[in-house]
Amino acid sequence: MHGPDADDNELAALRDAFPGYRFRRRFVRGTLCYQAESRTAEPRPSALRDAMASDAPLAAARSPAVLAAMLAAAAGRPVRLRAAAVAAAYRDRQLTVKQCAAMFGVSRTTIMKFLAAEGVAVRRPGRDLDERAVAAAYRDDRLSLHECAVRFGISERRVAAVLDRQGVPRRPVGRPPCRQPGSTGTM
């Protein structure tokens, strides 16, 4: 619930938690934002203060909670991980579970738990795989197992299994023999 009283209480809580900052509510392009500007320790003459005002660290967010998390992260404090933030990174930004784990500094298992809590279905690589397209790419386009795996976003082992199911014979391992210019390839 937001309103003048709730916002004042949240700003007061921010002021208590981060005494080195000055907090304000501002409208930025028609959107209510909360700003935090660091305070300088020593008083300065007004000309010097005005010249340095643009250099002062400034943070802005749409909610006091997000602003507090930003300031806590900047100060090196642990920030409580939110399931909604994990779900948004995974679902909206199309990050993988491994990328989310690296971004938030937690394990993949933790990311999976947060996604389950938010009701987000985990993407499985190659779930809707067109096996005929994989076989055609290998057989007709002469792609290697590795190239097929990269193109379709699956492992080389999975490509080999698809080729076996589709009855496509595997080519010998290694580079194909080089053809001599002008030779027809028949004896």
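Visitor: Is Y21 buried, exposed or partly exposed, and what counts as which?
Guide: Y21 is partly exposed, at 22% relative accessibility. Buried means under 20% relative accessible area, exposed over 50%, and partly exposed in between, using a 1.4 Å probe and protein chains only. This is a predicted model, where local features need pLDDT of at least 70, side-chain atom pairs count only at pLDDT 80 or more, and totals for chains, interfaces and linings use all residues. Residues are numbered from 1 along each chain as its sequence is written, and side-chain values use heavy atoms, with hydrogens and water left out.

Visitor: Thanks! Which ring pairs with Y21 edge-to-face?
Guide: That's F18, with 6.5 Å centre to centre and 85 degrees between the planes. Rings of Phe, Tyr and Trp (its six-membered ring) pair if their centres lie within 6.5 Å; planes under 30 degrees apart are stacked, over 60 edge-to-face, and the rest tilted.

Visitor: And how do Y21 and F23 pair?
Guide: Their pair is tilted, at 6.3 Å centre to centre with 40 degrees between the planes. Ring pairs link F18, Y21 and F23 into a cluster.

Visitor: Are F18 and F23 buried or exposed?
Guide: F18 is buried at 6% relative accessible area, and F23 is buried at 4%.

Visitor: New topic: what sits over the ring of Y90?
Guide: The charged end of R123, 4.0 Å from the ring centre. The rule asks for NZ of Lys or CZ of Arg within 6 Å of the ring centre and within 35 degrees of the ring normal.
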